Amino acid sequence: MSGPVVLGIESSCDETGAGVVRDGKLLAHVVASSMDEHARFGGVVPEIASRAHLQAFTPVVRQALAEAGLRLGQLDAVAVTTGPGLSGALQVGLAGAKTLAYAAGVPLYGVHHLAGHVAADTLAHGPLPEPCVVLIVSGGHTSLLLVRDLVREPILHLGDTLDDAAGECFDKVARILGLPYPGGPAIDRAARAGNPAAVAFPRPLTKAGDDPYAFSFSGLKTAAARWVEQHRLRGAEPSVADGAAALQEAVADVLTRKALRACRDHDVRTLIVVGGVAANSRVRALAEERCRAAGIELRVPPMTLCTDNGAMIAAVGDLLVRSGAAPAPLNVSIDPSAPLEYASLTPLPTPAVRARPA
């Protein structure tokens, strides 16, 4: 007998995603991005993102169901991102998911966005080894996690970013170098023609006595800005290719060095790298090189599953349904700044506080 069919909805930022998963197998995966609408502003504009989700939601869900060869009434559950993310964008996804679940007469599951990134790897490589170290790297998050059972046990944070995330650093330095938004892919493309040893950018928090698992990329961003400024004060333009290559090398070095340290310290034999920055070619190559040398298995999802998508949310929903987890209550809300503690995220609205009569 086939397992439950779960539709996943993702709308935390500028991608409207819908995916369908059954028993850990991906049946459909559709994403509509509003990135081009944000590019002229150099970053995501929340109001534009929310409007784009409103326009894309129904077409994306319809296409995902069509790709899976299913009707709405054949779903067994709906899963949706309830945080963290942009408040308006999350509200659009949750409202749509509640409507679909009600219309189909199926339970709704609230999912933590970052747990979705972790689960994305299961769609390509099967169940997560227990335990495993997970490195999440994206525009807003850089974290090292120790994961056992993703949906049954709490997720242990080994370290997080203290300021700018890796992807945020890429975006900001790309703007300084005159490269387009989003900065990560632009840095990656420019770096192909550059020399990673041309600029001695710092490796933040890698000295003796530093927190071995914490990240900080604000100082690296500042170093890159000063390097560009020094050239322009002399009346010269810096080499964009060299700057991009050196920055990318510094980020990849710090990320992989700390991730391998975590694997060694916790006697874990599998490293999983997920999130948008996991699509970076140098991060992937250096992780492969260092994991091979250390005898550690490296798992990285395909690039189409690294960025935000509904398939990863469906993957968490599928795991929650099969684990017997309770669905979300009807009044489930969003939490735009939710910490990652469990894969299931079902916050309730804050009760209104009535003013006391004078």
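Good morning, colleagues. Please keep in mind that the structure before you is a predicted model.

I begin with the chain as a whole. Its secondary structure consists of ten helices and ten strands. The radius of gyration is 21 Å, close to the 21 Å that the globule rule gives for 358 residues, so the chain is as compact as a globular protein of that length. Along the principal axes, the C-alpha atoms occupy a box of roughly 65 × 55 × 50 Å.

How much of the chain is buried? Of its 358 residues, 52% fall in that class. The accessible surface amounts to about 15,600 Å², and carbon and sulfur atoms contribute 53% of that area. As for the contacts with a separation of 6 or more, 73% of them are between residues 24 or more positions apart.

I turn now to the aromatic residues. The structure contains two aromatic pairs. In one of them, the ring centres of Phe201 and Trp227 are 6.0 Å apart and the ring planes stand at 85°; an angle over 60 degrees counts as edge-to-face, and therefore this pair is assigned to that class. The pair joins distant parts of the chain, since 26 residues separate its members: Phe201 is in the loop between helix 6 (183-191) and helix 7 (218-233), whereas Trp227 is in helix 7 itself. Are these two residues buried or exposed? Phe201 has a relative accessibility of 6% and is therefore buried. Trp227 is likewise buried, at 14%.

The other pair consists of Phe215 and Phe217, and here the arrangement is stacked, with 6.2 Å from centre to centre and 15° between the planes. Phe215 is buried at 0% relative accessibility. For Phe217 the relative accessible area is 0%, so this residue is buried as well.

Next, the backbone. Most residues other than glycine have a negative phi, and most peptide bonds are trans.

Pro131 sits in the loop between helix 4 (113-125) and strand 6 (132-137). A cis bond also runs from Tyr181 to Pro182, again with omega near 0°. Pro182 belongs to the loop between helix 5 (166-177) and helix 6.

The remaining two places concern phi. Asp23 is not a glycine, yet its phi is positive, at about 50°. This residue is in the loop between strand 2 (15-22) and strand 3 (25-33). Its relative accessible area of 32% lies between the limits of 20% and 50%, and so Asp23 counts as partly exposed. Leu205, also a residue other than glycine, has a positive phi near 55°. Leu205 lies in the loop between helix 6 and helix 7. With 24% relative accessibility, Leu205 is partly exposed.

Ser333 is located in the segment after helix 10 (310-323). Why does Ser333 count as buried? Its relative accessibility is 17%, and the class takes in values under 20%, so Ser333 falls within it. Beyond its neighbours within four places in sequence, Ser333 contacts Thr82, Leu94, Pro347, Leu348 and Pro349.

Arg40 is in the loop between helix 1 (35-39) and helix 2 (46-68). At 71% relative accessible area, Arg40 is exposed.

Ala279 lies in the loop between strand 9 (270-274) and helix 9 (281-294). Between Ala279 and Ala245 there are 34 residues in sequence and 15 Å in space, taken from C-alpha to C-alpha. Setting aside the neighbours within four places in sequence, the residues in contact with Ala279 are Asp188, Arg284, Met303 and Cys306.

That concludes my presentation. Thank you for your attention.

Definitions and conventions: Residues are numbered from 1 along each chain as its sequence is written. This is a predicted model: local features need pLDDT of at least 70, side-chain atom pairs count only at pLDDT 80 or more; totals for chains, interfaces and linings use all residues. Side-chain values use heavy atoms; hydrogens and water are left out. Helices (H or I, at least four residues) and strands (E, at least two) are DSSP runs, numbered from the N terminus. The radius of gyration is taken over C-alpha atoms; the globule rule is 2.2 Å times the number of residues to the power 0.38. Buried means under 20% relative accessible area, exposed over 50%, partly exposed in between (1.4 Å probe, protein chains only). Contact means heavy atoms within 4.5 Å. Accessible areas come from the Shrake-Rupley method with a 1.4 Å probe; for residues, only the protein chains shown count as cover. Rings of Phe, Tyr and Trp (its six-membered ring) pair if their centres lie within 6.5 Å; planes under 30 degrees apart count as stacked, over 60 as edge-to-face and the rest as tilted.
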